[in-house]
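Please read them with the structure open.

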Amino acid sequence: MRRLLLVLAACTWNAIGSAQWLRDTTNQVSQYGSILAADNNLAALVKAVIQTEARWITEYPYCGAFQPPPESGFGLTRNPWAEGVTVNPPVDKRVVFECKYELDSLAAFLKLSRIYHNATKDFSFLNDSWLSAMSAILKVVDEQSQPTFDPNYNIVSYYNWTGGSGSPSPMVPNGGNGEPKGRTGMVGTSHRPSDDLVVFAYNIPANAMLSVELRHSADLLRSVDVLSDMAEDAERRARDIKQAITQHGVVDSMLTYETNGYGGAYFMDDANVPSLLSLPYLGFMDRHDPLYVRTRAAVLSARNPYYSRGVAFYGVGGPHVSPVDPWPMSLISAIYGTDDDQEILQHLYTVVNSTAGLGLMHESVNIHEPKRYSRSWFAWANSYFSEMILDLAERKPHLILNSSSFADARGTVLGNGWMAAQQKKASETAAASDSSADLKPVAHGKPTKPVTKAGPGLPLKIGITVLSLVMIAITYRPFELFGLVKRVYDPSNSATGPAAVPSQPLDFSVHYKTPITEDTARKAAIVNAFKHAWRGYERDAWGYDNYHPISHKGSNLGDAEQGIGYMIVDVMDTLMIMADGAGGRDEELNEMRRRAAEWMETSLDFDNGGEVNTFEVRVNKLVVHGQAPDVDQDDH
């Protein structure tokens, strides 16, 4: 089990590059928060990640990306971007992969700790290592709250990073100390969540996220009586930051993006979370707060220098790519920021039509040419999309779960909270119509009796989550099944952007003829969805790295004529798990597995003369090869 956890941890890092970023780890794990209590192995993995990160933060609290820990068995990774870069305090490159100081990375560690505790109610991670990390975080908060100059105009520097050399970030001004800042109560940072250099030190979204997580950490610490002093310190810092944002971060009745404590302010927004657009998602502001509503309107307009729109796409980008390459992630944040059904559907349809046929979220998409994008598979964006869908299932179920045949399952998926809300709506509707009928109105359908049993909410939520991830990871087909492959962007409609979406809500149950109520039915539905997607790949694109089901064609990574088994190797572990789960009795799965293993033995060849993305190879080839022995004893 220990080895398997380490392999899974490696997946976390390789999915985000050649090292483990604190921010990216939390963002990719957050979607699993609701099922940690139902999966002890997954919970153990998240706890192990927290403990590993605590060890790193204690020693290097200003750093955001780290090398594999020695116990993982993985070797060190050379980072050419960090060569020639001077960091103070100095770091050990055998431990630290990159030491850009990004305030949100520390907040991300606290968020992951909160997610784990809220789901499991386990306090055991609050050990000496975690408390040392928390002390280090509070020390950074204190140091970076200080102004640049002391009373005698000596520069006060606790951290600096020169940049330049091989690093894609530019030289940091003033000897690596950045632009001067005055005292405000906020916490300064040298880099943004996008890894880009700040203009002014006080990044409002990063401070907002830190304020939220410090407050939650204070609540957590108060539950352990001996830690009341640390809890009070965290609470005070959270309060000071929030007050400083209100006092220094509001300009022209809107939140600004960065400020310096001298009256300087820079209004923009970046797609990377934390962002101004994502403040409701972060828990800092209510989406109906007038200050947020005004800020959001400005962010999604020409007032934001990094907002753009064209014939292919629209949204918020950032300097990490270019001003005309917005990120789908920004539209996911926009969905979190509104309760308007039509706007939610507009953004949702636009996002799922932005994949250039691959069926996965990209990092960025060019507004003029939809097939120009960065990163064919951006794990952070896909995880964020998954979180958003689960959120819509809670607060807007009628938009994505609306089928009379799926009504019972919908109630089971969403649990008591959803059912209580629906029953309340039903009561209010009945009272308003002076009707005594015990019926629940359903949009675009006939009334049905309200769901009266809570049922086991977690198992079906797990099933739907796995189903979504399996299908999305394999092919573009799920979007086609869900009726989402219609072009809805209308460039001629400059006022609204995308044309009006279909009046019918998204029906995620279109292929289920009967309600899914038993575990066996849920398993069968997941397996059948997998088989449906895999048959199409075998039929149309066997051996190719990518599958385009609408055109029934395959393509390879890079410019190689022969693929490197990207699709087959990536899905091999899923085939193993599903075949074993059927006890070897499912002949079709056994054959699919046999054919995939045979292809790997006879046709897999990296010596094809083409160029491929090393990121993709690590994620989908090396990790799965390392994982396979823990899943299957066959030596393929």
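The points below start with confidence and then go through individual features.

1. Confidence. This is a predicted model. The mean pLDDT over the protein is 77. A score of at least 70 is reached by 72% of the residues. Among the elements, helix α9 (residues 279-282) has the highest mean pLDDT, 98. Helix α17 (residues 477-481) has the lowest, 34.

2. Please read both sets of contacts alongside the scores.

3. A three-stranded sheet. The strand order is β1-β2-β4, in an open sheet of 3 strands with antiparallel pairing. Which strands sit at the edges? They are β1 (20-21) and β4 (96-98), each of which pairs on one side only. In general, the strands of a sheet pair through backbone hydrogen bonds. Here, 2 bridges connect β1 with β2 (residues 65-66) in the antiparallel sense. W21 stands opposite A65 of β2.

4. The disulfide. How many disulfides does the model contain? The count is 1. The bond runs from C63 to C99, with an S to S distance of 2.1 Å. These cysteines are 36 residues apart and link distant parts of the chain. C63 is in the loop between α3 (40-59) and β2. C99 is in the loop between β4 and α4 (103-120). Left-handed or right-handed? The torsion about the S-S bond is about -80 degrees, so the disulfide is left-handed. Both C63 and C99 are buried.

5. Helix α11. Why describe α11 (residues 328-336) as largely enclosed by the rest of the structure? Because 9 of its 9 residues are buried. The buried set includes P328, M329, L331, I332 and Y336. S330 and S333 are among the buried residues too. The cover over α11 includes the helices α9, α10 (290-299), α12 (341-352) and α13 (379-395). Strands β12 (314-316) and β13 (364-365) also contribute to that cover. One of these covering elements, α9, is the element with the highest mean pLDDT.

6. Aromatic pairs. The model has 20 aromatic pairs. One of them joins Y116 and F125, with ring centres 5.6 Å apart. Their planes make an angle of 90 degrees, and the pair is edge-to-face. Y116 and F125 are both buried. Elsewhere, one aromatic cluster is formed by F530, W534, Y537, W542 and Y547.

7. Charges over rings. Two cases deserve a look. K242 places its charged end over the ring of F284, 5.9 Å from the ring centre. R309 does likewise with Y314, where the distance to the ring centre is 5.3 Å.

8. I550. This residue lies in the loop between β15 (546-548) and β16 (553-555). Is I550 buried or exposed? Its relative accessible area is 52%, and the cut-off for exposed is over 50%, so I550 is exposed. In sequence, I550 and G357 are 193 residues apart. In space, their C-alpha atoms are 7.6 Å apart.

Technical notes: Residues are numbered from 1 along each chain as its sequence is written. This is a predicted model: local features need pLDDT of at least 70, side-chain atom pairs count only at pLDDT 80 or more; totals for chains, interfaces and linings use all residues. Side-chain values use heavy atoms; hydrogens and water are left out. Two strands pair if DSSP finds at least two bridges between them. Helices (H or I, at least four residues) and strands (E, at least two) are DSSP runs, numbered from the N terminus. pLDDT is the predictor's confidence in each residue, from 0 to 100. Buried means under 20% relative accessible area, exposed over 50%, partly exposed in between (1.4 Å probe, protein chains only). Rings of Phe, Tyr and Trp (its six-membered ring) pair if their centres lie within 6.5 Å; planes under 30 degrees apart count as stacked, over 60 as edge-to-face and the rest as tilted. A charge sits over a ring if NZ of Lys or CZ of Arg is within 6 Å of the ring centre and within 35 degrees of the ring normal. A disulfide is a pair of cysteine sulfur atoms within 2.5 Å. Contact means heavy atoms within 4.5 Å.
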